[in-house]
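Please walk me through this structure.

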Amino acid sequence: MGILNGGLFGAFEKRTGPLVGRVVRKRNVISVVQHKSLLPRVQLQLEQQMKFRLLSVFLAALKELIAVGFRSATKQSPLNAAFRFNFQSVILGVYPSYTIDFARVLCSRGKLDGPRAAMVIWAPDEAGLIFSWLPDVQNRFNQHTDWVCFAVYCVANGLTATSLYAVRRADLSYSMALPPDFAGQQLHCYVCFASASGHEVSNSVYLNV
């Protein structure tokens with residue numbers, strides 16, 4: 001039941017017929033009761049919804065690395081910033097058969113130099129991966145003390161193994177243990193550097209194995 005405040009021409013609260021009254025930021029607002037649209041969704045809406053869902057699920061699996069790589073985003077969360085940056089460039093295919101171009105995804109975006117000639121191979125016992133990269137000359141955007149962060153996405157189960165601030169740039173390699181069900185599966189790997197202070201990052205580099 002609607003409540004009339006201040007006489008016939010005053011504000012009212014709650015629902016009265018097809019109208020709803022409420023107070024928003026100390027102002028009286030009247031709006032029409034919303035009803036679910038009976039119109040069929042157009043093709044473009046369906047395409048956009050499927051793209052949004054596909055990329056949202058994938059990036060959510062990489063949220064720990066994205067929290068580092070897009071931490072400098074302003075007025076939005078790191079995950080939303082990563083979604084906005086990647087949306088137009090990483091989705092391939094024609095509705096309804098969309099896929100993600102894993103090699104084009106950026107989980108981190110910044111000014112630091114990325115890993116030089118990065119590589120990844122299975123460990124001899126296949127219990128994990130061995131990442132490696134070559135040394136480089138130090139400069140403002142390339143310090144031996146930079147941290148290295150890793151994320152490994154398994155297509156088969158949609159899970160991600162993450163190792164943040166694992167080693168320094170100067171270490172030149174890292175052995176990363178993986179869950180047993182990652183063995184023998186298609187893996188997509190992302191590597192980025194973060195400064196010792198944590199304020200700067202590099203663009204992520206994609207590797208697969």
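Phe87 is buried, with a relative accessible area of 11%. Buried means under 20% relative accessible area, exposed over 50%, and partly exposed in between, with a 1.4 Å probe and protein chains only. This is a predicted model: local features need pLDDT of at least 70, side-chain atom pairs count only at pLDDT 80 or more, and totals for chains, interfaces and linings use all residues. Residues are numbered from 1 along each chain as its sequence is written, and side-chain values use heavy atoms, with hydrogens and water left out.

Phe83 is buried too, at 15%. The ring centres of Phe83 and Phe87 lie 5.3 Å apart and the planes meet at 20°, so this pair is stacked. Rings of Phe, Tyr and Trp (its six-membered ring) pair if their centres lie within 6.5 Å; planes under 30 degrees apart count as stacked, over 60 as edge-to-face and the rest as tilted.

Phe83 belongs to helix H3 (residues 78–86), where Ala81, Ala82 and Asn86 are also buried. Helices (H or I, at least four residues) and strands (E, at least two) are DSSP runs, numbered from the N terminus. The cover over the buried residues of H3 includes helix H1 (43–61) and helix H2 (63–69).

Now to another ring pair. Phe150 and Tyr174 are stacked, because their ring centres are 4.8 Å apart and their planes are at 20°. Phe150 lies in strand E9 (residues 147–154) and Tyr174 in strand E11 (residues 173–177), so the pair ties together parts that are 24 residues apart in sequence. Phe150 is buried at 0% relative accessibility. Tyr174 is buried at 18%. The whole structure holds 14 aromatic pairs.

What lies over the face of Trp147? Arg168 does, at 3.5 Å from the ring centre. A charge sits over a ring if NZ of Lys or CZ of Arg is within 6 Å of the ring centre and within 35 degrees of the ring normal. Trp147 is also in contact with Ser195, as are Leu112, Asp146 and Glu200, leaving aside neighbours of Ser195 within four places in sequence. Contact means heavy atoms within 4.5 Å. Ser195 sits in the loop between strand E12 (187–194) and strand E13 (205–208). Ser195 is buried, at 10%.

Strand E7 (residues 116–122) and strand E8 (residues 128–134) pair in the antiparallel sense over five bridges. Two strands pair if DSSP finds at least two bridges between them. Trp122 stands opposite Leu129 in E8. Five residues separate the strands, and Glu126 takes a positive phi near 60° in this hairpin.

Then look at the cores. A nonpolar core is a set of buried Ala, Val, Leu, Ile, Met, Phe, Trp, Tyr and Cys residues joined through side-chain atoms within 4.5 Å. The largest has 26 residues, and Leu55, Phe58, Leu59, Leu62, Val105 and Tyr190 have the most contacts inside it. H1, H2, H3, strand E6 (97–100), E9 and E12 each supply at least two residues of this core. Phe58 touches Ile100, Phe102, Val105, Tyr153 and Tyr190, not counting residues up to four places away in sequence. A second, separate core of 20 residues includes Ala118, Val120, Ala161 and Cys189.

Finally, step back. The chain has three helices and 13 strands. Of its 209 residues, 32% are buried.
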